Amino acid sequence: MDPSKWLVDEDTACFKGRLSRLRWLVENSPDGELWTFPGGLLAKNLFEETRYSFIYGQFLAANLLGLAYLERTLSALFYQAGRNDLERAGLAKLIQEAHSENLLTAAEVEDLDLIRKKRNSYAHFRKPGHEDGIERRSINADEAPYEIFEQDAIGVVRSVLRMVDKGSL
């Protein structure tokens with residue numbers, strides 16, 4: 001098969017979904033011409049790749065990259081504030097500390113904790129049928145796994161966009 005034909009067919013088949021996700025992303029992105037990325041160039045790239053993965057329907061990638069962005073950004077904010085004690089802290093600890101320092105609201109903490117737990121089921125092996133596993137979640141929700149991946153990605157991208165909005169803390 002001609003690779004260019006495959007690419008054109010793929011682009012055509014997925015265009016409406018991509019356009020819909022792009023519109024959602026634009027509507028939910030914070031205002032402003034300049035966004036800052038306390039986690040540096042890598043954080044900016046994680047942010048960009050999260051957005052592209054989401055738009056292109058690569059929801060597992062959007063989930064994992066988005067959480068990496070959030071973890072890196074929280075770590076950088078604490079580092080800038082002189083909190084060297086959190087240099088190797090995991091996301092759960094960073095979320096707790098961010099709440100203690102009033103960087104995150106209780107609702108944001110709840111969202112991030114839920115997202116973090118879902119990410120762990122993607123990033124770390126779970127036995128078939130595990131309560132956090134995608135198979136069990138799919139059966140319990142009576143939805144296809146792809147739909148659950150998308151819902152999870154929407155939650156992650158929302159949190160990423162909120163963090164970008166807080167970037168100038």
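Residues are numbered from 1 along each chain as its sequence is written. Since the model is predicted, local features need pLDDT of at least 70, side-chain atom pairs count only at pLDDT 80 or more, and totals for chains, interfaces and linings use all residues; side-chain values use heavy atoms, with hydrogens and water left out.

**Exercise 1.** Work out how helix α2 is oriented against helix α3.

*Solution.* Start with the elements: helices are DSSP runs (H or I, at least four residues), numbered from the N terminus. Here α2 covers residues 40-55 and α3 covers residues 59-80. Next, the geometry: their axes come within 8 Å and cross at roughly 155° (axes are lines fitted to C-alpha atoms over the stretch in contact, and angles run from 0 to 180 degrees between N-to-C directions). That makes α2 roughly antiparallel to α3, a label for angles over 145 degrees. Now see who touches whom, with contact meaning heavy atoms within 4.5 Å: α2 brings residues including Leu46, Phe47 and Phe54, while α3 brings, among them, Phe59, Leu65 and Tyr69. Finally, sort by class: 11 nonpolar, four polar and two charged (Ala, Val, Leu, Ile, Met, Phe, Trp, Tyr, Cys and Pro are nonpolar; Asp, Glu, Lys and Arg are charged; the others, Gly among them, are polar).

**Exercise 2.** Do likewise for α4 and α5.

*Solution.* Helix α4 (residues 91-100) and helix α5 (residues 106-123) pack at about 180°, axes 10 Å apart. That makes α4 roughly antiparallel to α5. On the α4 side the contact uses Leu91, Ala92, Ile95 and His99; α5 answers with residues including Val109, Leu112 and Arg116. The tally is six nonpolar, one polar and three charged.

**Exercise 3.** Find which helix gives the most to the lining of the largest pocket.

*Solution.* On a 1 Å grid over the protein atoms alone, a pocket is an open set with protein on both sides within 12 Å along at least five of seven lines, and lining residues have an atom within 4 Å of a point. The volume is about 150 Å³, taken as the space filled by probe spheres set on the points, which are joined across faces, edges and corners. By class, the lining has two nonpolar, three polar and six charged residues.

**Exercise 4.** Describe the lining of the largest cavity.

*Solution.* A cavity is a set of points where a 1.4 Å probe fits but cannot get out. The largest cavity holds about 50 Å³. Its lining includes Leu70, Leu104, Leu112 and Met163, and α7 gives the most, with three residues.

How values were computed: Helices (H or I, at least four residues) and strands (E, at least two) are DSSP runs, numbered from the N terminus. Angles under 35 degrees count as roughly parallel, over 145 as roughly antiparallel, 65 to 115 as roughly perpendicular and the rest as oblique.
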